[in-house]
Amino acid sequence: MEEQEFRTRYPNYNVLDKWSSADWDDQTRAVVRERLEDVPPIRFFTEAEARTLAAVAERIIPQPDRNGTEKVPIVPWIDEKLYEDRRNGYRYEELPPQREAWRLGLKGIDETAQALFDGKLFADLDSFSQDVVLTHVERGNAPGATWEQIPAARFFKSVLSITIVKIYYAHPSAWNEIGYNGPSSPRGHVRKWEGGVDPWEAQEK
Amino acid sequence: MSSEANENWALSAPGIHGEHVPMRDLSREEVDFCIVGAGAGGGVLGAKLAEAGFSVVILDAGPHWSPVKDFVSDEMASRKLFWTDERITGGEDPVELGSNNSGRGVGGSTVHYSMVAMRAHTEDFRRRTLDGEIAGADVRDWPLSFEDLEPYYEEVEEALSIAGPTFYPWGKRRKRYPQREHELNASAQVLVRGCTQLGIPVAPAPIATLSAPHKDRPPCVYRGFCNYGCTTNAKSSILVTYIPRAVRAGAEVRANSMVAQISTNERGRVTGVLHFRKGSRDLFRQRAKNVIVAGYAIETPRLLLNSASSLFPDGLANSSGLVGKCFMVHSGHQVFAKFNGRINQYKAPPPGGALTEHFNRTMPGAGFICGYTIEVVGPHPMDFAARIASARGLWGTRLRRTMLDYNYYSGVGIVGEILPQRRNTVKLHDTERDQYGLPIPHVVFSYHENDRRIIKHAIARMREILEAAEGEDIWLADRTAHLLGTCRMGSDPSDSVVNADCRTHDVPNLYVCDGSVFPTSTAVNPSLTIQAIAARTAERLIKESFPHRN
C-alpha cells in the first residue's frame, strides 16, 4: 500500500509538542500559527484552475496517508502568493510573469490530459494517468497548443514542482515525518557531532 | 565637513537587543557622504566615515531589522530577507536570484550569509600576469595587491571577531584569529574524514560568528538558522557590528528607501540622490557632496544605468562602456551523500564548518586556471527538498520517501572561480518596470569553458571525498553564489569603472564600493574582501581630507 511507503523513523515525534519550550520564540510561534490556522481563501485561481492544481499537487506530493483535514494545504498558499503577486526575485527569460505562467501552465496540463486520455481533464484521471501527463510536461514533450506559449519543462521544474515542494516542507507535518528539529531559538543545540542527538531533537523509535 | 552639522537626534533606530537608539536626522542637510546600500561595503564605509567626523547618510531599500524581534526560526517566513523584486535572468546558464545571493534590508546579505571569512590570496590580485591571456575571458590584474589589503583584512577580522583555527594552512602566513575555532559539527566531521582518507589538507573554517562572548554579544548556541537571520546576535553581520557604530557616530541609517537616481549638475558632479520612501510614490532628495554606491553587483550597475542624463547618455560613470559588464558569480555546486549515522544537517554549518583550499590554485596539467574551495553545507528541509527535487528530478512518492532520510544526508559545496567575460552582463530591461516605475535588471550569464572545467574537476573531487567518508547515494546539485564584477576597478579609465580607491574614473565625487568592483572573482567567499576594500576606501577618503591626522 502507498501509505506504508511513508513510514517515518520518528513515529512519536511531534514538533508542535515543543511549542511552549525553549526552542520556540514568540515571533516564530506567530508565523507557524498563521500557517496552521489562517489558511487563506482562494482568490486568484478560478474554481477549475484550483481543481486542476489540487490534483497536480497531490501527485507532486502525494498524501494518501492523510484525510482531507490532515493534508498539508498547498493550493491556498500558491493562490495567496499570486493574489498578492509576491515575486521570487528572478524570472527566466522564456517565462511570462508568474500570474500568466501559472494560468498558462495549468491550462497546458489540462490540454495534455485531454490529448492523451480521450478528452478528460487532468483532475478526472486516475493517478497513474496523471503521472503520465506530468511526466510529459516534465520532459517538455507534452501535447497541447498552450505549450507553444510557455516551455513545459521549464514550467514544471522552475515554477510548478519547486513551489509545491517548498510549501509542503515548510509545514510541521512534513517536519514530523522527516525528524526535522524545526524552530530552535533561543535554545539551539549542544550535541553537534555525528550521531549526536539532543534530548529535544526527534528521537527514533 | 559640516561643522554646523544638524545636532538633531530626533530619529531612532532599532538597536541589536530590541531597544531603540537615538539617531540623527540628516534629511535636510547636504551631507558629506550619501551611501546607497547598507551591506558589507556600505556598512563598513558608513561607520568609519562617521567616526572620522563626516556627516553620513546610509540608505537601504529594505527594513532595519531588530535581530531579536524580527528574525524567525523558519525558512519560509525568512524569505523577507531576500531581494524578491523581479529580475529577468537569461544566457546559456541563467543564474537563480532572489535568495542566497541577495539581501534586502540594513546589513544587506550579511544578515543571512554563511559567515565564511576568508582572505583572497596574493595570486588572486595578479591573475593576468600569472596565468596569461585566456581566450574569451577578460582577466585583469587588480590595481591593488594583497599587501595593500592585508592590514584591512586584519582590521575587519578584528572588528568581526572572526573565530578560526590556530593554524590556517593556506595563503600568506597570518596572525591568530581573534577567537578560537568552533567545535566541528557532523557535516564538517564528514568532510574532514573524507579529506584525511585521501590525504587532502582540511581545516576548520574561519567564521564570522562568536565562539566566545564579545562586548555585548554572546557566543553562538548553534541554532543552525544562520542563513535566516541570527536571533542571538552571535553572528557578526554588518547589522550588529558596523551599523550600530555608524549610528552611534552620528550617521543616519535610512531604511525602506529605494534610490531611483543619482543626481548630477552641469559640471558633471554628483549632487545627491533621489529616493522613494516606504508607502510613498513621491521622490525625496538627499543632497550630498559625495555619493558611494554599494548596492551589490546587480543594483549598483542598475542605478548607474538608470542615472543616465544628457551629460552621461550611456549611464553614470560609464565612459568605458563597462558598467554592467563582466558580471560574475561563483559556481556553487554541491554534492550530498547519505551516511549510516545521523548528521542532522540543520544544526550543522556554518559555525563548526570545515573547508579545504587545497584546490584553490592554478594546478599545472589540470587543463584550467584558478580553482575552488570546498566547504560544508547544511540546508534546512524546504531548501534541501527543492534541491533534491530539482537535481534528481524527484517528485511524488519517490520524493517523499527520499526525504524521510533527510537527517542522514551530509553535503559539501564549492566556491569556484568564474572568469570575467564581457558577454555576461547586467543591463536594463527594455520594457518591464518595477513597482517604482524603474526599469528592472536583465541579467545574462554563461559559463566560460574554464569555469566548466573547474566545476567538473570539483564535482569529481567532492564525490571522492564523500565516498572516502563512506557516503552512499551520492547526488549533485547545480548552484551558484555571490554577485561580482559589473563595475570593475583598474588603473586605465578606458578599461575599468573605478580606480583602486573605488572612485569612478568619470565623476570625481562618485564611488562604487561593493562586490561590483572585483576584476576577478577569486575562489573564496567575497564578504571579507568587500569589507576590507571598504575599510581601505574609507581610510583613503579620511586621509585625503585630513592628511595630517594619524
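Predicted model: local features only at pLDDT ≥ 70, side-chain atom pairs only at ≥ 80, totals over all residues.

Q: How many residues does the contact take from chain B and from chain A?

A: Residues are numbered from 1 along each chain as its sequence is written, while chains are lettered from A and ligands numbered from 1 in the order in which they are written. Two residues are in contact if their C-beta atoms, placed from the backbone, lie within 7 Å. Here 57 residues of chain B and 51 residues of chain A take part.

Q: Which element gives the most to the side of chain B that touches chain A?

A: Helices (H or I, at least four residues) and strands (E, at least two) are DSSP runs, numbered from the N terminus. Helix H8 (381-392) of chain B gives the most, with 6 residues.

Q: Which strand of chain A is joined to E5(B)?

A: Two strands pair if DSSP finds at least two bridges between them. In this model, 2 bridges join strand E1 (residues 91-92) of chain A to E5(B), and the two run parallel. The bridge partner of A:Arg91 is B:Ile88.

Q: In which sense do E14(B) and E17(B) pair?

A: Strand E14 (residues 334-338) of chain B pairs with strand E17 (residues 409-416) in the antiparallel sense, over 5 bridges. There, B:Lys338 has B:Tyr409 as its bridge partner. E14(B) is also joined by 4 bridges to strand E20 (residues 472-477) of chain B, again antiparallel, with B:Phe336 opposite B:Trp475.

Key:
Buried ≥ 20, exposed ≤ 12 C-beta atoms within 10 Å, placed from the backbone.
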